[in-house]
Amino acid sequence: MSTINISLPDDLKHFVDRQATERGYGTRGEYVRELIGHDQARQILRGLLLKGALSAPGVPVNDDYFAALRDRAQGR
């Protein structure tokens, strides 16, 4: 695992310290890693949503669609 050092104003450092403690993280680094992971997931989701928005329309989702999905899931 690689290490990076970041400089934070005192108010942000105190915020990170408080969040790490109050949310049960073992270290500030664990808290920051989780924040970065959430941001990475958000960016991936945004990309997928944009890709879907730009794609051609798919099959309508209606009662028949869900009935067929249930049948497939139940192996019929």
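Which backbone nitrogen does a side-chain oxygen of Thr27 reach at the start of helix 2?

**View 1. The start of helix 2.** A side-chain oxygen of Thr27 comes to within 3.3 Å of the backbone nitrogen of Gly29. The model is predicted: local features need pLDDT of at least 70, side-chain atom pairs count only at pLDDT 80 or more, and totals for chains, interfaces and linings use all residues. Residues are numbered from 1 along each chain as its sequence is written, and side-chain values use heavy atoms, without hydrogens and water.

**View 2. Helix 2 from end to end.** Helix 2 covers residues 28-54. Helices are DSSP runs (H or I, at least four residues), numbered from the N terminus. At 1.5 Å a residue, its 27 residues should span 39 Å, and the end C-alpha atoms are 39 Å apart, which agrees. The expected span is 1.5 Å times one less than the number of residues.

**View 3. Helix 1 against helix 2.** The axes of helix 1 (residues 10-22) and helix 2 come within 9 Å and cross at roughly 95°. Axes are lines fitted to C-alpha atoms over the stretch in contact, with angles from 0 to 180 degrees between N-to-C directions. The two helices are therefore roughly perpendicular (65 to 115 degrees). Helix 1 brings Lys13, Phe15, Val16, Asp17, Gln19 and Ala20, and helix 2 brings Arg28, Tyr31 and Val32 (contact: heavy atoms within 4.5 Å).

**View 4. Both ends of helix 3.** Asn62 caps the N-terminal end of helix 3, with a side-chain oxygen 3.1 Å from the backbone nitrogen of Asp64. Just after helix 3, Gly75 takes a positive phi of about 75°.

Terms used: A polar contact is a pair of N or O atoms within 3.5 Å; within protein, one must be able to donate a hydrogen and the other to accept it, and residues adjacent in sequence count only if both atoms are side-chain atoms. Angles under 35 degrees count as roughly parallel, over 145 as roughly antiparallel, 65 to 115 as roughly perpendicular and the rest as oblique.
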